[in-house]
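Okay, everyone, thanks for coming. Let me put the model up, and then I'll talk you through it.

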Amino acid sequence: MKDFSIFEIVGPNMIGPSSSHTAGACKLGFVAHKLAKGDVEAVTFLLHGSFAKTYKGHGTDKALLGGILGFEADDERIRDSFELADAKGLKYQFIEADLGDNLHPNTVRINITKSNQEEMTVLGASIGGGNIKITEIDGVKLMFTGEYSTLIIPHDDKPGIVGRVTSILGEHEINIAFMKVYRHHKGKNAFMIIETDSELNREMVEDIKGIDYVTNVFIVSIK
Amino acid sequence: MTFTNGQELITLCKEKNLKIYEVMIQKEMELTGLSEAEIKNKLKISLDIMKQAVERGLTEDIKSVSGLIGGDAKKITERNDKTRSVCGSLMSKAISRSMAVLEVNAAMGRIVAAPTAGSSGIVPGTLLTIAEEFSLDDERLVEGLLTASGVGFIISRNATVAGAEGGCQAETGSAAAMAAAAIVEMMGGTPEAALHGAAACLKNVLGLVCDPIAGLVEAPCEKRNAIGAANALISAEMALAGVESIIPFDEVVDAMYRVGRTLPFELRESAIGGLAGTPTGQRIKKEILGE
């Protein structure tokens, strides 16, 4: 049985009205913001299930866009996120869509175009109480929640990379809580998802980036 | 320092001669590795957000995103300021503050879900009123939030606090149970009395359905937060006077869960049955969300 922190019971601290349709939506946008390193020129949200049916009344659209702007779930600027995105020249649209069977009713696909016209896509769901799960990045199926300080490391699928990454974490005295490796096809683009018990620092990120065949390093942590 | 239900919590409290809030702080320290001071500082932030939400709801002109609710908390405060309240000034303040938080939530303002956003008015509305009326400081309020989290933890672990799973009884019933237990301990009551108060709250609203108009966290949620605040105060009063729950707290939690699972889908946050399904509820839904 799951244990709960008191801040899951008296909490989360959030912008209303709904933990699943507002706070969770903001967190999904926030993860996409982190994965794009804040570089978003245009974003399209494909809203599935309950998200598609009720998003206007719950401010799900403002919360998703607020997350893309880098706001966390208790940031009062979420209410004004349309105006703030317009002022930045960030283009956004919301489309009601059927994203497939067996998906959580509060699922969204976030398609991002960066300033260099590079595209990226993130699939995730708001699973209740403001908690989320990310289930796909750029076509690679994976799973993390953002509850922990999470390292997301896209890399080429070659031998020895996992060992080098974990050695660096050990050198920085970072304890790994959970770790998984995902890949699209053998030898093709792969992802390491490492959930840790510690705050993650820049220096460590630079060390990991220095490893051959590591293409990028992202840190996602949601308060 | 861990427990899974009310009985185990009471046993722990008795063995170690602790209040529920003291058990909760130790449990949180073990779970997170944070110190007592760090946990209490985080709770003070939550408390400040609660205070700000009450203040906003009682002083600003609030309108929800849909336009359906707003301004009712202020009306009750104004009446209590001008004339003698039919339910007494303390109760009037508690209900207006609970409603104030719900209005701020519906207007995309900042709140603390306690345990959910839809029931977020009850804990701050009652605890802040009791603290004001009995001159209790923020340290006592933080202890109250810890006691409340103990009751919310037991219900979350063994039943549910989600309206979609258990109806409104699981949301505003649980929030009232948390608030009642907190008030009992803040006023010097025993852990057993706190759980008798919590049990009474759940029993008082057993079977209450979740039927939000247009699926929004607005109506009847706001008024159900007012009755939730009254429920918490009434139950705390009974418990502090020594009135006991004939059915033990854990069995009440279990009954609440089983009643919730028996509620038809239409009455669990689906915006189909109950008030949402009335002609007026349906008309409002069309006006707000379109066809």
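So, chain B has 13 helices and 1 strand, where helices (H or I, at least four residues) and strands (E, at least two) are DSSP runs numbered from the N terminus. Read along the sequence, the pattern goes α-α-α-α-α-β-α-α-α-α-α-α-α-α. The radius of gyration of chain B, taken over C-alpha atoms, is 18 Å, close to the 19 Å from the globule rule for 291 residues, so chain B is as compact as a globular protein of that length. That rule is 2.2 Å times the number of residues to the power 0.38.

Before I go on: this is a predicted model, so local features need pLDDT of at least 70 and side-chain atom pairs count only at pLDDT 80 or more, while totals for chains, interfaces and linings use all residues. Residues are numbered from 1 along each chain as its sequence is written, with chains lettered from A and ligands numbered from 1 in the order in which they are written.

How much of chain B is buried? Buried residues make up 59% of its 291 residues, buried being 20 or more other C-beta atoms within 10 Å of a residue's own, with C-beta atoms placed from the backbone.

Now zoom in on helix α11 of chain B, residues 221–240. Its 20 residues should span 28 Å at 1.5 Å a residue, and its end C-alpha atoms are 28 Å apart, which agrees; the expected span is 1.5 Å times one less than the number of residues. α11(B) is mostly covered, with 14 of its 20 residues buried. After α11(B) comes B:G242, with a positive phi near 95°.

Note on methods. Buried ≥ 20, exposed ≤ 12 C-beta atoms within 10 Å, placed from the backbone.
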